[in-house]
Amino acid sequence: MRYDRYDAVLTHAVHRQASDMLLQHIRRDQRQEDLCFALWRPSTGGERQSALIFRLVPPQDGERHLHGNASFEAAYLARAVRIAHAEQAGLAFMHNHFSPGWQGMSDVDIVAERDRISPPARATGFPVVGLTLGVDGSWSARFWVWSGRQVELCWCDKVRVVGRGLQITYNDDHLPPPVRRPALSRTIDTWGEAVQSDIARLRVGVVGVGSVGCMVAEALARMGIRHLALVDADRVEPHNLDRLLYAGVDDVGIYKTELAARNLKRSATAEAFRVDAVTRRIEERPAYLAALDCDVLFAAVDRPLPKDVVNHIAYAHCIPVIFGGVFVDRKSNGRLGQAAWSAMLVGPDARCLRCDGQYTTSDVVMERDGSLDDPSYVRRQRSGDGRRNQNVFPFSANVASYMILEMIRLVAGEAWWPTVAGKLHYSFIPNRLSTEHAACKEHCSVQAKLAAGDHAKYPFIIDPVQRTDHRSRLSRWVNWCVNRLRHCVNWWRKRATS
Ligand SMILES: [Zn+2]
Ligand SMILES: [Zn+2]
């Protein structure tokens, strides 16, 4: 099967291990290449397949030879294929070059990957993934995809190293760096062309396009991000109008994603901006697959199931999630007791949402069986804490801003300071900002699925059936009628008053 786009992904731990092995000679000032086999699992979105490199298969004595270049014995290849097959994983082949940045391939490289490695590795059922490590620690990668008896070279768009930071090497042929434009000059003058070029080429998903998500998307579009995906199934309601960017009285009833997409096209500063409005819940397959096509996800969702879905994606698929949540507590006399919000990075090397106490597994089960919306349960929750749905525009604006800052730190932070914050927490009443670094609890089952990709099937994904399409067509028609009627009433009112 051929995909539109390919990526390769390494956790920071695997990247460290691989670069320690491949660059060991260069670090000792020897001009010596090295090589290593590794295993990968697929992470398959709607358009893109990513190879998640999850384990090295280092050479044993006599299995590889070093002579300036490096070569391997057939026995090493056969052993690596056997291990990959037993693990139901794909085979990856890594070697290093002496120059920095994205690397091309020599004729010798092509012969090794296409003619020597690909035919026996076909037994794994997956394409061979070739990776080259530059002397500066940047990766380049390609898939060798079979079509009939031919094997075809498919270059990746980028290689992502995911940990506390997100280090990306882009394939400039597929994703050219942005050109300096007047609309972005002040942004570029702030953090420089290198950071802008890393940020602009990210594919970013915003899950939950409510008050917080909308402001996040607005900031991303202004910052010159080229490709956004918006995931939300809700429509604008009258009670959203005090907080929802872009929304006016006339917009009540339309989908939040469509309203945002329309307005983001006006705000966007990238030369070719694309925004995908995915009008689905994240637990529905089309939205889930759209999320798997992204490099970074923002999640501004308050229900347990969407939190569980993005939490799964962050670890199993190694896509960093920046989560933002607002907590509001009212006193019994109706006045504001406390307001606090947090923005946190979720993903490899950071604490997961469940271990952070943002939801529990029993909440997810209750949402699944409908009891979370049971009126008696909702009443009980509200008397206990007032957290659901209460919020005001400046709270949302503040948490959205913290979330964006977290993303900038994630992508560019390494250049500025050694550590980045895992969680920012702001309390409005004592006016206090704190940062926190914490790991998952011991034996966290979410962490256990790190880089397992499609192999760790998420159990709660819903396949939308025909009925949904039919219903959405009907609801679109009803919506159109209501809007027409509202226009007529407005027109009649204006006429009556003039
Ligand atoms: Zn080479
Ligand atoms: Zn955890």
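These questions and answers walk through a predicted model of one chain.

Residues are numbered from 1 along each chain as its sequence is written, and chains are lettered from A, with ligands numbered from 1, in the order in which they are written. Local features need pLDDT of at least 70 and side-chain atom pairs count only at pLDDT 80 or more, while totals for chains, interfaces and linings use all residues.

Student: What is the mean pLDDT of the chain?
Tutor: pLDDT is the predictor's confidence in each residue, from 0 to 100. In this chain 94% of the residues reach 70 or more. Over residues 382-387 the value is below 50, and that stretch has 7 contacts in the model beyond near neighbours in sequence (contact: C-beta atoms, placed from the backbone, within 7 Å). The mean for the chain is 92.

Student: How many helices and strands are there in the chain?
Tutor: Both are DSSP runs, numbered from the N terminus: helices are H or I with at least four residues, strands are E with at least two. The count is 13 helices and 19 strands.

Student: Why is the chain as compact as a globular protein of that length?
Tutor: The globule rule is 2.2 Å times the number of residues to the power 0.38, and the radius of gyration is taken over C-alpha atoms. The C-alpha trace spans about 90 × 50 × 45 Å along its principal axes. For 498 residues the rule gives 23 Å, so the chain counts as that compact because its radius of gyration is close to this, at 25 Å.

Student: Which strands supply at least two residues each to the side of domain 1 that touches domain 2?
Tutor: The bounds come from an automatic or database domain assignment, which gives domain 1 as 5-170 and domain 2 as 182-455. Their C-alpha centres lie 33 Å apart, and 22 residues of domain 1 are in contact with 26 residues of domain 2. The strands are S1 (5-11), S2 (35-44), S3 (48-57), S10 (158-162) and S11 (166-170).

Student: Which residues of strand S15 are buried?
Tutor: A residue is buried if 20 or more other C-beta atoms lie within 10 Å of its own, exposed if 12 or fewer, and partly exposed in between, with C-beta atoms placed from the backbone. In a regular strand the side chains alternate between the two faces of the sheet. S15 spans residues 296-299, and both its faces are covered. On one side the buried residues are Val296 and Phe298, and on the other Leu297 and Ala299.

Student: Which residue in S16 is the bridge partner of Phe298?
Tutor: Two strands pair if DSSP finds at least two bridges between them. S12 (residues 203-207) runs parallel to S15 and is joined to it by 4 bridges, with Val207 opposite Ala299. S15 also runs parallel to S16 (residues 321-330), over 3 bridges. There the partner of Phe298 is Ile322.

Student: Which residue in the turn between S18 and S19 has a positive phi?
Tutor: S17 (residues 336-346) pairs with S18 (residues 423-427) in the antiparallel sense over 5 bridges, and Met344 stands opposite Lys423. S18 and S19 also run antiparallel, joined by 5 bridges, with Leu424 opposite Thr435. These two strands form a hairpin with 4 residues between them. At about 55°, the residue is Asn431.

Student: Is His443 buried or exposed?
Tutor: His443 is found in the loop between S19 and H13. Its phi is positive, about 60°, although it is not a glycine. With 7 other C-beta atoms within 10 Å, His443 is exposed.

Student: Which residues is Lys449 in contact with, leaving aside its neighbours within four places in sequence?
Tutor: Lys449 sits in the loop between S19 (432-436) and H13 (466-497). It is partly exposed, because 17 other C-beta atoms lie within 10 Å. Its C-alpha is separated by 5.0 Å from that of Ala316, 133 residues apart along the chain. The contacts are Tyr315, Ala316 and Ala456.

Student: Is Asn96 buried or exposed?
Tutor: Asn96 is placed in strand S6. Beyond its neighbours within four places in sequence, its contacts include Leu22, Glu33 and Thr132. Its C-alpha and that of Val135, 39 residues apart along the chain, are separated by 7.3 Å. With 26 C-beta neighbours inside 10 Å, Asn96 is buried.

Key:
Two residues are in contact if their C-beta atoms, placed from the backbone, lie within 7 Å.
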